[in-house]
Each structure stands twice: as structure tokens, then as C-alpha cells.
Amino acid sequence: MKPFSISVKELVALGADHIPEEFIPACHLIYSSPATLFYNSPGAVGFGVKRAALVLPESAMLLVAPNACGRNSTVMSTEEGYADRMFYLPMSETDLVTGRHLSRIPEAIHEIMEVADPKPKAIVICITCVDALLGTDLPRICRKAEEENDVLVIPSYMYAIEREGKKPPMVAIRETLYSLLERPSVDPRAVNLLGFFSELDPDSDLLALLKGAGIRTVNQISAMKTLDDYYEMGKANFNIVLHPESVYAAGTLQKRLNMPFLELHRLYDPDRIHNQYRLFGSAVGVTMDDEAMYERCIAKRNAFAEKYKGTSVAIGEMCNANPYELATFLCRMGLTVPSVFSNLTEYDFPFLKQLAEVSPETRVYTGISPSMVHYEEETVDLTIGKDAAVYCPSARHVLWNSEKQPFGYTAVEGLLEAMDAALSEPEDKEADA
Amino acid sequence: MKGLYRYLSPFSPDQSGAVAVLYELGGIIVILDAGGCAGNICGFDEPRWGHKQSAVYSAGIRDLDAILGRDERTIDKVGGAVEAVGNANFIALIGTPVPAVVGTDLKALARMCEKKSGLPTLPIETYGMEYYDKGAELSYMTLIKALEKGALDASYEKLGLHLSSRVAAEKAAALKGAAPVDPRAHVASVGVLGATPLDLLSLDGAELIRQRVETKQTQQNLLHMRLRTGEITSPFRHVVQKTYEDNKPDVYVFGMDCGFDQLGHLFTVDRNVVVSPAGLKPAKYLEQKYGIPYEVSYPIGHELAVSLHRRVCEAAQPADAEPAARSAKVLILHQQVAGNSLRESLESINDANRTLNALDSMGVPGTEDIPRPEPEVHPEAELSISVGTFFEQEKSIAREGDRKFTGEDEFLDYLKAEQFDVILGDPMYRMALKWWDGTFLPLPQYSVSGEAHEALTEAELL
């Protein structure tokens with residue numbers, strides 16, 4: 001038996017309104033392969049809800065949930081260093097029936113305030129699917145807990161059960177993170193970057209270009225050390241959204257604080273990056289002087305294309321890129337992309353159409369399809385993305401999933417350097433970039 | 001506050017234990033969850049996931065499915081997966097908190113899936129609120145009952161095998177009125193119950209257990225053979241080797257490295273070895289119904305036991321006293337059977353060393369004037385060892401002072417009251433022990449800290 005796959009050409013012909021059921025999680029069981037951890041467990045890889053919430057400076061989290069929901073924190077919190085800020089109030093079967101666990105939250109917070117070192121200034125309460133189904137009124141519980149303890153208590157929701165809903169967990173947590181902001185005044189030369197839970201690569205041209213355009217302060221929540229620093233974000237002139245899951249939070253800030261936003265996409269085609277910066281400049285009324293950066297990037301791209309023309313690459317979705325946009329860029333350089341391992345939504349179709357023009361036969365596999373149990377390795381020279389590395393273990397690998405977020409021309413150059421390193425190293429196959 | 005975990009984090013839940021037992025049996029394992037539980041089970045509780053493929057799926061339940069009780073969607077999805085997989089031996093439906101809160105009737109759902117797909121379907125009624133060992137126990141019992149009823153016969157026959165229900169029925173009938181099993185009878189096969197990655201001291205543990213059970217049983221078989229027949233071992237090496245090979249039992253580690261085709265041996269083995277509390281209930285059941293005797297023991301490697309014993313003795317107090325005058329109050333934190341067996345190994349080495357040291361110090365009368373090399377001092381101390389666990393504790397194999405902890409607060413109260421000199425346990429426990437200044441020796445358990453502190457091989461623990 002063969003796993004489900006479909007060519008880019010066929011996908012584009014079907015159109016965004018007729019995405020095959022294999023790509024729609026609600027239509028079938030979701031296969032758990034090592035490559036789909038990213039999909040299957042929102043809290044499992046990198047920044048899930050729990051770790052994301054702890055980006056709020058001087059905060060701690062109390063997870064109120066069945067044991068099963070907190071299990072990944074055992075490993076993640078140890079490896080990623082937030083174990084001292086996580087607290088658990090496990091639910092029993094009795095709690096499920098009586099809701100008793102909720103009445104214990106204020107007492108738990110009192111104890112956290114006694115033992116936590118340093119003492120948190122905010123406690124994020126996180127509840128899960130069970131409470132979604134019980135209809136728990138968490139904001140009310142948080143207000144009560146706040147009254148009884150001298151600390152901010154913030155509700156958050158890890159509702160995997162609403163994953164395909166209007167406000168999936170990773171969208172909801174982004175909204176939660178910015179929910180404490182107020183707007184005492186406006187600093188016209190300050191902006192916020194919304195989207196990532198870790199800092200943008202400090203070498204990214206975006207930061208340099210913003211400075212060059214007269215923006216004095218570029219805020220990122222992950223860089224804030226104190227809650228007071230965080231409150232400064234309320235003064236920003238506008239928000240720049242770098243990840244689509246932050247659009248909802250940006251919309252809420254626009255509505256609540258009259259703080260406008262615009263979106264920038266993480267792209268790998270230098271021509272598109274150049275165009276995006278130009279459009280951004282005209283929208284904001286500033287000059288983004290990126291000519292030198294653009295020329296340097298083009299030169300590097302051309303040199304790479306010359307050296308590696310015809311190299312075959314498989315791309316997954318567990319990387320810091322949109323796999324379809326990245327595939328288009330690589331194909332335009334003369335590389336081949338026989339397969340992409342990624343889920344698909346209507347938002348990917350603009351990129352898919354461009355990919356269909358340069359590589360219509362590229363096959364798209366979706367890791368969540370039940371038939372992926374039959375996937376057999378396809379020979380490629382290189383993989384990009386952690387999941388693609390799992391599917392094609394014999395190739396050389398560039399994981400390209402670091403937490404230091406790449407963006408702009410420096411991202412392109414960094415990726416090409418990582419690919420060059422992986423392709424030049426016969427022994428060490430993995431460039432853990 | 002009772003129930004609050006301030007330092008530790010949640011251990012492997014029942015649903016992970018349930019999957020661990022079924023993982024290598026070629027079934028379609030459906031986690032009835034929204035996605036997170038399946039991700040946690042595979043990504044954090046199943047070390048085989050990265051290198052041993054298994055058809056594990058999330059049902060992808062969404063809010064309206066749960067609220068409106070749309071079980072037919074799950075049944076359709078399972079049917080689709082059965083087609084996609086093609087050659088599954090069975091379906092297992094694993095319960096999680098979501099079906100628990102909406103009161104899903106897992107047995108009825110299994111019947112409907114079975115009817116629609118034509119594949120035997122096992123409902124595993126876990127809730128995500130107990131620990132892994134309860135789930136593993138549930139999977140063992142569900143498998144045994146399904147085999148007894150012949151529910152898996154069709155899948156067996158597809159493999160060209162004829163076991164399960166008939167063998168079970170025949171054996172049960174033969175047992176009625178039969179004489180008790182002769183403890184000295186030749187043991188041709190041994191089952192190991194309770195061995196999953198979540199129970200082991202190291203991830204190569206299943207193979208080590210198999211080897212050690214095989215060696216021990218071979219030696220017992222040889223001994224019993226000599227007792228029965230009075231036969232003296234031949235001086236010829238090839239005959240000795242053949243005799244040894246003839247007395248080697250087949251060992252089946254149910255839960256790891258054991259496929260669906262070997263499940264029928266659950267009823268045919270001559271004896272069982274229970275290596276964790278998860279295997280106790282099935283072992284008792286198999287003994288009661290089929291007369292298969294069992295022993296409760298986790299085969300500890302001698303090298304590991306010697307190494308840990310040495311380190312325990314080094315930590316004995318007072319440090320400046322003679323070894324024989326030192327003492328150590330020791331706590332082993334693991335699953336109960338592994339903890340008990342390690343305790344017995346440490347005590348046995350300690351007793352042997354004490355005897356050796358005493359003999360060395362006595363010397364041979366009349367040879368006092370003859371110079372001799374300084375005798376080797378074997379590590380020893382007065383040891384008082386307790387076994388503590390957050391998982392199931394069987395009272396009948398617990399000693400006085402052993403403890404099952406129901407929560408972190410109870411755990412900390414116990415440690416503060418008992419003032420142990422040495423603790424052997426998963427390194428994650430240290431997070432709760434910053435105040436304690438004793439000696440901590442790492443003894444990882446995957447169900448506690450997962451890959452964060454995993455020991456791939458027992459050699460890493462030496």
C-alpha cells in the first residue's frame with residue numbers, strides 16, 4: 001500500500017475550496033509518526049501553550065488538569081529551564097464530577113506565592129479540554145484568586161479540542177500574553193514585533209532596517225525581563241505581526257487599545273523580501289534602505305545556485321519557513337524539490353500556485369494521513385525540517401528550526417550557508433542549524 | 001497543600017501504560033483524544049516511537065464531537081484507518097480525559113467499531129488521571145480476556161496460527177482436579193509480565209531481563225534435572241553444552257520485543273516472572289485460572305548491584321569510622337518490584353562482603369607469623385533500606401517502612417521525617433530535594449522523567 005500524496009499541479013487545479021480530505025484533520029484519524037509530533041501535540045515541541053505563557057516576564061504557571069495533560073512538561077521544562085516556574089494541580093475523577101479542583105485554585109496560588117523563588121508577579125492559570133467541556137468560568141475563578149492573593153492571576157486555555165476552531169490554543173495564548181497591556185501614551189518611534197515566543201535573530205536585517213527608518217524602540221515580549229518592561233509595549237505606535245497566529249491578538253489590541261498592526265511574512269525569495277520591505281516602507285511612510293542587503297543576498301543566492309543546481313531537496317513543515325514558499329525559491333534557483341511533507345490550508349494557496357509554475361510534479365504528503373504508516377523513504381540529497389529528516393533519514397539534513405528566529409535576507413543567507421555546510425560534509429550529515 | 005505539585009511534574013499517565021503494552025502487537029491503536037494526549041504518549045512516554053513503527057493514531061476529537069456525542073464520526077474514521085493500514089491484527093481504543101468527561105461508553109464504541117471494520121476491537125478504559133501502571137495492567141487483562149474469548153482467533157488464523165481460546169479452554173479444563181504443579185518440573189517456557197519501557201531501569205532492560213530469566217531458569221532446570229535423575233554432569237564440554245542448551249527455556253517478555261504471534265504463550269508458559277506491579281494482576285489471574293505459577297522479581301544485573309552497593313557504602317556514616325561501624329539509611333525510589341529486587345541484591349552483596357571481611361580478618365590459625373598481602377576490604381555497612389514509590393504498591397511484597405506516596409506533600413513529609421543518608425531514584429526527584437544534603441544516586445525511570453534522564457543501557461548506570 002502507498003501513502004497518500006498529491007502533486008502541486010493537482011492541488012492547484014482542485015483549488016482552496018476543494019482541499020483533499022487527507023489534509024483535513026476532522027476527516028480521519030491523525031497518524032502519530034515521529035514527524036507529526038508538531039501537529040499532534042501543541043504543547044510538545046518548542047513553544048506550546050505552557051512555555052509560551054511563561055514568556056510573560058516574572059510569571060509562573062499553575063496547570064490545573066489531569067496528569068496526562070502536564071506530562072510533556074516533565075521533559076520540556078527540565079530541558080528548557082522553566083521547571084521552577086511550573087506548578088501542577090492534578091485533577092482526579094472526583095474533581096471531574098464535582099468541579100472541586102476549581103475551588104482549590106486560590107489556596108494553590110497562596111502556596112505558590114510562599115514557595116516560589118523569585119516570587120512571581122503574575123500567575124497564569126492554564127486549564128485544558130476537560131474544563132472546556134465542563135464549561136468552567138476561569139476568568140471568575142481568576143478574579144477570586146486575585147482578590148485573595150496579592151498577585152495578578154491570568155486565565156489561559158490549552159484547549160486542543162478547539163484546535164480547528166476560531167481561536168485555537170496557540171492563537172488564544174498569544175491573545176492572553178498581550179491581554180495585560182494598557183495604553184497610557186503613544187511613542188511614535190516604538191513598535192512591537194508580535195508572533196514569536198523567542199527573540200528575532202539579532203542580526204536580522206529587519207531590526208537594522210527599522211532602526212534606519214527612525215524606529216528607536218523595537219519591543220519583543222521574549223526580550224522583556226520584568227513586568228514593567230512588558231507594560232512599555234503598550235506605548236508602541238503600531239504592531240508588526242510576523243506569524244499568522246498573532247493576527248488575532250493584534251486585532252484585539254487594535255480594537256481594545258487602538259493600536260494598529262500590519263503583517264510581514266517570513267520569506268526566502270530575496271526578490272519577494274525586497275518587495276515586501278518596499279511595500280512596508282510605503283505603508284508606514286518610511287524608507288527601508290535595503291539595496292545593499294538585497295544585492296549581497298542575490299550574489300549569495302546566485303553562487304549557491306551555480307554550485308548546487310540539480311540538487312534534490314525534501315522539505316517538511318517543522319522548520320522556520322513556509323515549506324511551499326521555500327520550495328518555490330529553491331526550484332527557482334535550479335534545485336529540485338520532489339516532495340514536501342506538510343499540512344495545507346487555504347492560506348498556502350498563493351505559494352502553491354507559484355510552486356506549480358516552477359515544479360508542478362512536486363508531491364505533497366501530509367504527515368497526519370493514516371496512510372503515512374506505509375511511507376517508504378525516497379532518495380533525496382538533502383532535507384530541510386525536522387519532519388523531513390525523519391521521512392528521509394539517509395539524506396543530509398538541515399533542521400532549520402532554531403529558536404533564534406531567522407527573518408529577512410539574513411535568514412536566506414543563513415539557510416544557504418547551512419545547506420552548503422550539510423551538502424559539503426560527507427561524514428556529519430546533520431547541520432543542526 | 002495536598003495535591004499541589006510544587007517541584008515535581010506529572011508522571012506517565014494510565015493511557016501511556018496502556019499503549020506501552022500494545023505498542024508492538026501490530027494493532028491500530030486509537031487514542032480517543034483531541035491530539036495532545038497522542039502527542040504526549042508517543043513523544044514523551046514511548047521511547048520505541050522513534051525507531052519502531054506502530055500504527056498509533058489520534059481520534060482528533062473536537063468540541064462539537066464531544067458535546068454532541070458524535071461517536072459515529074470516530075467509528076467512520078477508525079474504518080478509514082483500518083482500510084489505510086490494511087493488515088492490522090486488532091483495534092484498541094484508548095480512553096483519555098475527553099471521553100471520560102462526556103461519559104463515552106467505550107465498550108459500546110468498541111462493539112460498533114468491530115461491527116463496522118470487521119476487526120476485533122479492544123476497549124481500554126483509561127482516563128488520563130491514574131498512573132501508567134494501571135493502564136498497563138488494564139491492557140494486559142483486556143488482551144488476556146480477549147484471547148480467552150477467542151476474540152482474536154481470526155487474526156491469529158490469518159497468521160496461520162491456532163492458539164488462544166482453544167488452548168486456554170483446554171488448559172483450564174485440564175487443570176480441574178489436576179495435581180499441583182511440581183516445583184521441580186522442567187520449565188520449558190517462561191513469561192515475563194510487567195516489562196514496558198516505563199518500568200525498566202534502562203531501555204535495554206527487556207533484553208537483559210530475558211537473558212537473565214533464561215540463565216536463571218536454565219540453571220534451575222539443570223539443578224532439578226540432577227535432583228530428579230541423580231545424573232552427574234558429563235566431563236565432556238560438548239555434552240555439557242548440549243545439556244545446557246536442552247535446558248534453556250523460551251522466554252517471552254510480554255510488552256516488549258514480543259509480537260502478536262507470541263501472545264498465545266500467555267496461556268502456555270510454565271511459569272511467569274512479574275517484574276513490575278503492572279504484571280501482578282494478570283499473573284495472579286493466570287495462576288488462578290490456568291495454574292501458571294509466578295514469582296515477583298526484577299532481575300538486577302550483578303555488576304550494577306555491586307556498583308550501587310559500593311557507592312551506597314561510600315556514603316555510609318560516620319565517614320571516618322571503620323567500614324563495619326558505618327551505617328546508611330537508604331531509600332530506593334522506583335516501581336516497587338524493581339525497588340524490592342534491588343534492595344535484596346544490595347543486602348545480599350552486603351552480607352557476602354561482611355562474611356568475606358570477617359574471614360579475612362580472622363586469618364588462618366598458626367600462620368600469623370607468615371607475611372601475607374593486605375587483604376582486600378570489601379565494601380560493607382549497616383544498611384537499612386526502604387522502597388518508596390509513587391506508583392502501585394502491593395502490600396504483600398512491601399516491608400515495614402516501605403511507602404507509597406499519594407502526592408508530593410506526603411513524599412516530602414516522609415523524607416523530612418526519615419532523614420535518609422542515601423536516595424536512589426530518578427534524577428527528577430532531586431528537584432524536590434534541594435534542602436537535603438545526603439547522597440543521591442541516579443536510578444532513572446522513564447515514567448518519571450522520560451528522555452530527560454533516560455539510561456539507554458544498564459552500563460550507563462554503573
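## The parallel sheet of chain B

In chain B, five strands make up an open sheet whose pairing is parallel and whose order is E11-E10-E9-E12-E13. The edge positions are taken by strand E11 (403–404) and strand E13 (439–442) of chain B, each of which has a single partner strand, so one side of each is left without a neighbour in the sheet. The model described here, in this section and in those that follow, is a predicted one.

Within this sheet, strand E9 (residues 327–333) of chain B is joined to strand E10 (residues 382–389) of chain B by 7 bridges, and the two run in the parallel sense.

## The contact between chains A and B

How many residues does each chain bring to the contact? Chain B contributes 59 residues and chain A contributes 56 residues. On the side of chain B that touches chain A, the elements giving two or more residues are helix H2 (36–44), strand E2 (55–58), helix H3 (63–68), helix H4 (71–85) and helix H5 (97–102) of chain B. Of these, H2(B) gives the most, with 8 residues. Sorted by class, this side of chain B holds 34 nonpolar, 19 polar and 6 charged residues.

Strand pairing also links the two chains, for strand E2 (residues 30–31) of chain A is joined to E2(B) by 2 bridges, with the strands running antiparallel. In this pairing A:Tyr31 stands opposite B:Tyr57 in E2(B).

## Domains of chain A

Chain A is divided into three parts, namely domain 1 (49–177), domain 2 (187–264) and domain 3 (291–431). Taken over C-alpha atoms, the centres of domain 2 of chain A and domain 3 of chain A are separated by 28 Å. Between these two domains, 11 residues of domain 2 of chain A are in contact with 10 residues of domain 3 of chain A. The side of domain 2 of chain A that touches domain 3 of chain A consists, by class, of 5 nonpolar, 2 polar and 4 charged residues.

## Helices H15 and H19 of chain A

Two packed helices are described by the angle between their axes and the distance between the axes. For helix H15 (residues 291–308) of chain A and helix H19 (residues 409–424) of chain A, the axes come within 10 Å and cross at roughly 25°. With an angle under 35 degrees counting as roughly parallel, H15(A) and H19(A) are therefore roughly parallel to each other. The crossing in which H15(A) passes H19(A) is left-handed.

On the H15(A) side, the residues that meet H19(A) are A:Met293, A:Tyr294, A:Cys297, A:Lys300, A:Arg301, A:Phe304 and A:Tyr308, while H19(A) supplies A:Tyr409, A:Val412, A:Glu413, A:Leu416, A:Asp420 and A:Leu423. The residues of this contact divide into 9 nonpolar and 4 charged, with no polar residues.

## Helices H16 and H17 of chain A

The axes of helix H16 (residues 323–332) of chain A and helix H17 (residues 349–358) of chain A come within 8 Å, with a crossing angle of roughly 25°. This angle makes H16(A) roughly parallel to H17(A), and H16(A) passes H17(A) in a left-handed crossing.

Which residues of the two helices meet? From H16(A) they are A:Tyr324, A:Glu325, A:Ala327, A:Thr328, A:Cys331 and A:Arg332, and from H17(A) they are A:Phe351, A:Leu352, A:Gln354, A:Leu355 and A:Val358. By class, the contact of H16(A) with H17(A) comprises 7 nonpolar, 2 polar and 2 charged residues.

Note on methods
Residues numbered from 1 in each chain as written. Chains lettered and ligands numbered in written order. Predicted model: local features only at pLDDT ≥ 70, side-chain atom pairs only at ≥ 80, totals over all residues. Domains from an automatic or database assignment. Contact = placed C-beta atoms within 7 Å. Nonpolar A, V, L, I, M, F, W, Y, C, P; charged D, E, K, R; others polar. Axes fitted to C-alpha atoms, helices over the stretch in contact; angles between N-to-C directions. Helix = DSSP H or I, 4+ residues; strand = E, 2+ residues; numbered from the N terminus. Parallel < 35°, antiparallel > 145°, perpendicular 65-115°, else oblique. Left-handed = near helix turned anticlockwise from the far one by under 90°. Pairing = 2+ DSSP bridges.
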